[in-house]
Amino acid sequence: MHEQALDDASSHELEEISQPGDQRLVEHNGSYYQMRVAERAGDVHFPPVMNGLDYLVSVAEHLEGGSEPSARAMKYAVLHLAAGAEVLLKARLQMVHWSLVFANPGDATREALENGTLNSCSPQETRKRLTNIAGIKFSNRDEVALANLAERRNALQHYGLVGENAKAGKIESTTAQVLNFLISFVGEHILERITDEEERHHAEIDMDRIRGGVRTIQGYVAERMKDLAPVLGPVRARTLQCPQCQQFALTPTLIRGVPKWCQSDAGFFPMYCHLCVEGYGAQGLALGYAVRVLDRAAPDASYDGDAPDRCPVCAMSSLVRGARTAAAPETPIDFCFRCADVVNGVQECQRCGFIYTAEQDHRCRLGT
């Protein structure tokens, strides 16, 4: 998704595709997404990255919906999340060299890898090799969460969970932590290393589907926002509520903590949501913010009028009056999604409706 140069004049519909009828689209929870490879009829072919992402899609499908998930949904979310974590970490290790996923790399053979008869390394050994060989470090928090998830998966698969380990809150907390870690891991260490363009394209379609589901998972959101506090805290005065995830996680692209790919495309993506992990174009985002966050009616045929206005600084129709920041959510401000900043001193001509600042010389188009 981030490799596509989005037109600022397009609403982009914030990842979701709004027009039904296209054979390449599928409907899910009222939204339309590009059809995933796994949703097509055909052979059961799941190479490592695709396989791991498909497990995460299943996790999202089991946990999304906005209500408390059932015990069965939690069970399969745990099983599939643990499987997805193991597959994706080993997929990254395989990108270094295919023999490294064997328990004993010295005994590795291509035949054993391709027919699936290999004795692979343990999850703990996988993380150790990723750190020692690929230079990927895991925080203590992530290590504990991954270990806890593996233990719960083993218990669920062979014996079942009992006592404190069966508490929904504990399971959901661990699941949210690992899901949070994996989405970042895939974005930082896997997607950019997929050399086949078609394979990467399909992986990004899967990631869109995963993000679309996890935004509704309360535990995931809480964990992700907790992790984002060091990044978002210093820029609260320029952090807005994202129209897609509805969290105060939307910031200008050119700040610390935004991926390099998005910063390099700041002209196309002046704003970035740290929870959605997505950059957005100015006018589409301005319209989405006005409609979805401020609950204003969308204009019929243009961006003129209530939502959004023409910015007096950049002259783009990307100014939303009455926006609110994380620093002062009760205080309305005028924010341009193209300038990616607050525009101070905005005034509106009472006769012609022209927007300008106090420093600008405005002559009413209707005459004096």
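This is a predicted model: local features need pLDDT of at least 70, side-chain atom pairs count only at pLDDT 80 or more; totals for chains, interfaces and linings use all residues.
In what order do the 4 strands of the open sheet that contains E3 stand, and is their pairing parallel or antiparallel? The order is E3-E4-E5-E6, and the pairing is antiparallel, where strands (E, at least two residues) and helices (H or I, at least four residues) are DSSP runs numbered from the N terminus, and two strands pair if DSSP finds at least two bridges between them.

Residues are numbered from 1 along each chain as its sequence is written, and side-chain values use heavy atoms, with hydrogens and water left out.

To stay with that sheet for a moment, its edge strands are E3 (240-241) and E6 (278-280), each of which pairs on one side only. Strand E5 (residues 271-273) runs antiparallel to E6 and is joined to E6 by 3 bridges, with Met-271 standing opposite Tyr-280 in E6.

There is another open sheet, of 3 strands in the order E7-E8-E9, and its pairing is antiparallel. Strand E7 (319-323) and strand E9 (341-342) are at the edges with a single partner strand each, so one side of each has no neighbour in the sheet. Between E7 and strand E8 (residues 333-336) there are 4 bridges in the antiparallel sense, and Arg-321 stands opposite Asp-334 in E8.

Turning to the helices, two packed helices are described by the angle between their axes and the distance between the axes. For helix H2 (residues 71-96) and helix H4 (residues 123-134), the axes come within 10 Å and cross at roughly 35 degrees, the axes being lines fitted to C-alpha atoms over the stretch in contact, with angles that run from 0 to 180 degrees between N-to-C directions. The crossing of H2 and H4 is left-handed, that is, the near helix is turned anticlockwise from the far one by less than a right angle. With contact taken as heavy atoms within 4.5 Å, the residues that meet include Glu-86, Leu-89 and Leu-93 in H2 and Arg-127, Leu-130 and Ile-133 in H4. By class, the residues of this contact are 7 nonpolar, 1 polar and 5 charged, where Ala, Val, Leu, Ile, Met, Phe, Trp, Tyr, Cys and Pro count as nonpolar, Asp, Glu, Lys and Arg as charged, and the others, Gly among them, as polar.

Trp-98 touches Ala-108, Thr-109, Arg-110 and Leu-113, not counting residues up to four places away in sequence, and the C-alpha atoms of Trp-98 and Ala-108, 10 residues apart along the chain, are separated by 8.6 Å.

The largest pocket, finally, is lined by 33 residues, and Ile-183, Ser-184, Phe-185, Glu-188 and Arg-224 lie nearest its centre. H6 gives the most to the lining of the largest pocket, with 9 residues, and by class this lining has 13 nonpolar, 9 polar and 11 charged residues.

Conventions: On a 1 Å grid over the protein atoms alone, a cavity is a set of points where a 1.4 Å probe fits but cannot get out, and a pocket is an open set with protein on both sides within 12 Å along at least five of seven lines; lining residues have an atom within 4 Å of a point.
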